[in-house]
There are 2 protein chains.
Amino acid sequence: MKLLEERIRKDGIVKSDEILKVDSFLNHQIDIRLYDRIGAEFARLFADRPVNKILTIEASGIGIACVTAMHFDVPVVFAKKAKSLNLDADHYVTKVQSFTHGRVYDVMVSKRCLSSSDHVLIIDDFLANGCAVNGLLDIIRQAGATAEGVGIVIEKGFQEGGERLRAQGVRVESLAIVERMDPVTGEITFR
Amino acid sequence: MKLLEERIRKDGIVKSDEILKVDSFLNHQIDIRLYDRIGAEFARLFADRPVNKILTIEASGIGIACVTAMHFDVPVVFAKKAKSLNLDADHYVTKVQSFTHGRVYDVMVSKRCLSSSDHVLIIDDFLANGCAVNGLLDIIRQAGATAEGVGIVIEKGFQEGGERLRAQGVRVESLAIVERMDPVTGEITFR
């Protein structure tokens, strides 16, 4: 997605050869017009799939999932990290290792929110090692639902997550795939 | 907001005289059409204010803030809990006690995302003791920005947060105010 790549080049900050900061427009401050264009693009890319639910994981996936859901006109479910007083005893649970935080989380979705009749599109802001997406796929499997695909805003093409998912036959559509980043020059190369 | 009160009566679950579960449509599974109506209502209520930014706190505030931002056509900033490898060293920090989790969090916003020229609308899903909103107001104060008001989806009118904020002169617009809840009958009374 040209508009997104241009924005990443303009406002993204290469912190290391692995860490790209996009928090001025994507995952701390949010450019809502860009989100709207991203949501429209996911709707175009997955127009051939009978999506009736969007699944993401808290926290930074929620906003883009909601705006995308407006284009699909379907509900969102966001998987929750750790246990809350308000959370159902009756839920699907899986473990996810966070690349950013270096921790392992329990991630859960209430059984009332996902069933075998659901056709689910996973949406997230980043794909790196694929742990979050694999956790969500595991939850979809536990529910007996159908995973229709995965929509990612920025894929780190130099990490193995996207390749592994595609090798499993999962349809992954990433709007920008970063091939490499140079922390010295700040240069970002897209696939 | 009639539509919201009806939905809370229909699908909300009274877990105790203090805890209301609305996770089938508001903060776990999300009814995106309802979010869109809520966003439109906030835009109507604060139409007289020169809002140029929406501020919320992760995680459950993000979705409603983003959909509301589409109605205002302004960016969203979501305050982050705890420190992440990706987060700027240069940020406003405040402490917030979570009602749901019973913990105290460091909450932060990058200084690049909020400045003295900003006119900020705070959006959140719940208002109970007011700790999250007070933390966000503190961050707005640190930035020298102007707080234009607070838009809340569900206020627990039997807790003191809303009353205290209004007593400080903060404009708080809550779309539904729960006066009391009966965990035995499941009855919910709105103000």
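**Figure 1. Asp73(A) counts as exposed, with 12 C-beta neighbours inside 10 Å.** The cut-offs here are 20 or more other C-beta atoms within 10 Å of a residue's own for buried, 12 or fewer for exposed and anything in between for partly exposed, with C-beta atoms placed from the backbone. This is a predicted model, in which local features need pLDDT of at least 70 and side-chain atom pairs count only at pLDDT 80 or more, while totals for chains, interfaces and linings use all residues. Residues are numbered from 1 along each chain as its sequence is written, and chains are lettered from A and ligands numbered from 1 in the order in which they are written. Asp73(A) sits in the loop between helix 3 and strand 5 of chain A; helices (H or I, at least four residues) and strands (E, at least two) are DSSP runs, numbered from the N terminus. Phi of Asp73(A) is near 55°, a positive value in a residue other than glycine. Turn to chain B and you will find Asp73(B) in the loop between helix 3 and strand 5 of that chain, with phi near 55°. Asp73(B) is exposed too, having 12 other C-beta atoms within 10 Å.

**Figure 2. A cis peptide bond leads from Glu58(B) to Ala59(B).** Its omega is near 0°, and Ala59(B) belongs to the loop between strand 4 and helix 3 of chain B. In chain A, the bond from Glu58(A) to Ala59(A) is cis as well, with omega near 5°. Ala59(A) is found in the loop between strand 4 (53–57) and helix 3 (61–72) of chain A.

**Figure 3. Strand 5 (residues 76–81) of chain B is mostly covered, with 5 of its 6 residues buried.** Strand 4 (residues 53–57) of chain B runs parallel to strand 5 and is joined to it by 4 bridges; strands are taken to pair if DSSP finds at least two bridges between them. In this pairing, Leu55(B) stands opposite Val77(B). Together with helix 3 (residues 61–72) of chain B, strands 4 and 5 make a right-handed β-α-β unit. Right-handed here means that, with the strands pointing away from the viewer, the path from the first strand over the helix to the second runs clockwise. Strand 7 (residues 104–110) of chain B is antiparallel to strand 5 of chain B, with 2 bridges between them, and here Lys80(B) faces Met108(B).

**Figure 4. Strands also pair across the two chains: strand 3 (residues 29–30) of chain A and strand 5 of chain B are antiparallel, over 2 bridges.** Look for Gln29(A), which stands opposite Val77(B).

**Figure 5. At the interface, 33 residues of chain B are in contact with 33 residues of chain A.** Contact asks for C-beta atoms, placed from the backbone, within 7 Å. Strand 3 (29–30), helix 2 (32–45), helix 3 and strand 5 of chain B each supply at least two residues of the side that touches chain A. Helix 3 of chain B gives the largest share of that side, 6 residues. By class, the side of chain B that touches chain A has 17 nonpolar, 9 polar and 7 charged residues, where Ala, Val, Leu, Ile, Met, Phe, Trp, Tyr, Cys and Pro count as nonpolar, Asp, Glu, Lys and Arg as charged, and the others, Gly among them, as polar. Of the interface residues of chain B, 100% are also interface residues in chain A, so the copies meet through the same surface. A rotation of 180° with 0.0 Å of shift along its axis superposes chain B on chain A, with RMSD 0.0 Å.

**Figure 6. Cys66(A) and Cys66(B) are among the residues with the most contacts inside the largest nonpolar core, which has 123 residues.** Such a core is a set of buried Ala, Val, Leu, Ile, Met, Phe, Trp, Tyr and Cys residues joined through C-beta atoms within 7 Å. Leaving aside neighbours within four places in sequence, Cys66(A) is in contact with residues including Val76(A), Ile30(B), Tyr35(B) and Cys66(B).

**Figure 7. Strand 9 (residues 146–156) of chain B is largely enclosed by the rest of the structure, because 10 of its 11 residues are buried.** Strand 8 (residues 119–127) of chain B runs parallel to strand 9, and 8 bridges join them. Leu121(B) has Gly149(B) as its bridge partner in strand 9. The chain crosses from strand 8 through helix 4 (residues 131–143) to strand 9 of chain B in a right-handed β-α-β crossover. Strand 10 (residues 172–181) of chain B is also parallel to strand 9, with 6 bridges, and Ile154(B) finds its bridge partner there in Ala176(B).

Key:
Copies are superposed by least squares on the C-alpha atoms of residues with pLDDT of at least 70 in both. Two residues are in contact if their C-beta atoms, placed from the backbone, lie within 7 Å.
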